Amino acid sequence: SVRGQIHRLILKDDVRQKIHLNTFGFFKNGNMTVEMTSLISKGFDFKTVENSALGLSLDRSKNDGFSSYLEEDIDFCFLKKRPPSDVPVTLFVFEFGKQQVRVQTSGTSQPKVTDAGTEGSQPTKDKSSKASVKPHSESEKVAGPLKKNETGKQSEEAQKAKSKPVTRAAEPKAQTISLKEKNASYSFTFSLTINTDEEQGLYSLYFHNCYTDKKPSLKSFQFDMDITIVEQNPGSYLSAGEIPLPKLYISMAFFFFLAGVVWVYILRKRSNDVFKIHWLMGALAFTKSLSLVFHAIDYHFISTQGYPIEGWAVVYYITHLLKGALLFITIALIGTGWAFVKHILSDKDKKIFMIVIPLQVLANVAYIIIESTEEGTTEYGLWKEILFLVDLLCCGAILFPVVWSIRHLQEMSALDGKAAVNLAKLKLFRHYYVMIVCYIYFTRIIAILIKIIVPFQWKWLYQFLDELATLVFFSLTGYKFRPASDNPYLQLPQNEEDVEMDEVVTTTGIMEGIKKVNQTSNGPAEQRGEQNRVA
C-alpha cells in the first residue's frame, strides 16, 4: 500500500539478516495485528533449522532520537540471546519442529500478545486469566486424590498462595502461538492492544534471519515471505505523531494560498515594475498550496481507511513534482540575477539549470518511490539514500549562481569607480545567499534534529517547522524582490557606461545601438522610457 497503515509486504529470494518491517506510534487503546500468511524457504527444510534461527522482534522507544536495542550493530543474533531486563522487547521465535512460535518478553509494561490465528487460543487465555483470579480449582483437582485430610488441604492452599505470583511472572515466558504448515509454507497471526499509558510508545517490528551468514552470498539461505501488518490508534489508522497532519497540511495550504493572493494583488498594483519572474514566484506559491491540499486529502483517507485513494495520491505526486521543480528553478533564476540585473543567461548559468532540473526530477521520483514502497523492501533503503544525496546536490548547486554573482561584483568594485552601484548589487546577492543557506540548514538539519528529539506523539512538529520555514522563506524572498519603485534592491541604475552587469551573463550584439534612458532596471518601465525618448 502507498503510505497506508494497512501494510502488506511481499519478499522474494531475500537473504537479509535483519529486516525493518515497520515503525508505528501507539496511543492507549491502539492495536496491532500481524499476519504472516506465507513463509517459504528455497530448497531448504525449515524443520532442520535450529530453534532461535528465525523470528520477529518488537521493541518500544519514546522517540527516534536514540537507537533502540534492536537497531544497534551487535555481532550476536537477537533471537539467540535474551535482552536485558530493562529493555522493553518482545521476541517471537519460530520453532518449526514443534509448529509453534515462542513469545519472550523483557522489560516492563509490555503489551500482552494474543494468538489471533486459532479459535481455541482465545478461550485458553481467558481461562488462564480466570485462573489467576481463582487459582483453587485446578490445584484442588490435582491435590485431592493425594491428600484428603484437612492438614493436606491447608498445606495445599499455602502452596497455591506462594505459587500465585510466580505463575503471573512466568506466564509471558511460556506463551506460545500456533505455527501452521501447509505445503511447506508456514503462517501464524498475533495481535496486541495498548492497554495502559505506560505501554504507549514508538514500536518497531523487525524480522530476523539468524541462519544467514553475516555477509550474504549467493549460497545464503533464501526465503519468501508474505506478511500483512494492520496498525490503528483510537479513531485513526495514522501513527501517533501523524494524526494532526491532515489538519496541519490544509491549514498551511490556506496560508500559502493567501500569500499567493497577496502577491498577485501586489503585482497588479505595481504592474509597471513587474518582471516575468514575479509571476513565476506567484505560480510557485499557488502550486505549493495545491500540493498541500492534495497531501492533506491523501492523509485523510489513510487516517479513515488505512490506505490512500490512488487517484488523490497520483494528483499529489504530480503537484509535488511541479512544486519542487518550480522552487529550485525560481531560486536559481533569482540567484543568477535574471530579469533583475540581467536579461540573458550565460553558458555557465545554463549548465546549472541542466544539472539542477534533472536532479530535481530524480529527487521527486525517489520521493514518490519511497512514499509508495513498503519500508521492508530492499529498494526502499536504496531510494532513500538516493533522495538524500540528490537533495544535497540540488541544494549545493543552486548556491553556485549566487556565489558567482557575488564574486563578480566584488571584482567589479575593485576595478572600476562605480562602488555605489556594485555595492547595492552585492548587497542584494549577499542577503539572498544568507537566506538560502539558512533555509537549507533549517529544513535539512535543524528540523530533523527536532524530529528525533521530541517524543513520538510530537513528530508532526517536524512537518510544521518545515512548512513554516518554507512560508517564511517565500515571504522574505517576495519582500526583498517585490515590484516597487521604492525597493532599494530594484533601484540599480544602469546608464550607458554601466554595462558590466550584462557581461556577467554573456557578450552579445543584440543590444548594440540601444541606449538605456530610464534609471530603473525593470522591463515595463524601460519600454515606457524608450517611448518617451522616441516621442
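A: Asp13 sits in strand β1, residues 6-14 (strands are DSSP runs of E with at least two residues, helices runs of H or I with at least four, numbered from the N terminus). Do keep in mind that this is a predicted model, where local features need pLDDT of at least 70, side-chain atom pairs count only at pLDDT 80 or more, and totals for chains, interfaces and linings use all residues. Residues are numbered from 1 along each chain as its sequence is written, and side-chain values use heavy atoms, leaving out hydrogens and water.

Asp13 has a phi near 50°, a positive value in a residue other than glycine. With 39% relative accessibility, Asp13 is partly exposed (buried is under 20%, exposed over 50%, partly exposed in between, with a 1.4 Å probe and protein chains only). Asn29, also not a glycine, has a positive phi too, near 75°; Asn29 belongs to the loop between β2 (18-26) and β3 (31-41).

Now to Ser239, found in the loop between β12 (223-232) and α4 (245-269). Ser239 has a relative accessible area of 10%, so it counts as buried. Leaving aside residues up to four places away in sequence, Ser239 touches Phe24, Gly25 and Asn233 (contact means heavy atoms within 4.5 Å).

Finally, the axes of α4 and α5 (residues 276-305) come within 8 Å and cross at roughly 160° (axes are lines fitted to C-alpha atoms over the stretch in contact, with angles from 0 to 180 degrees between N-to-C directions).
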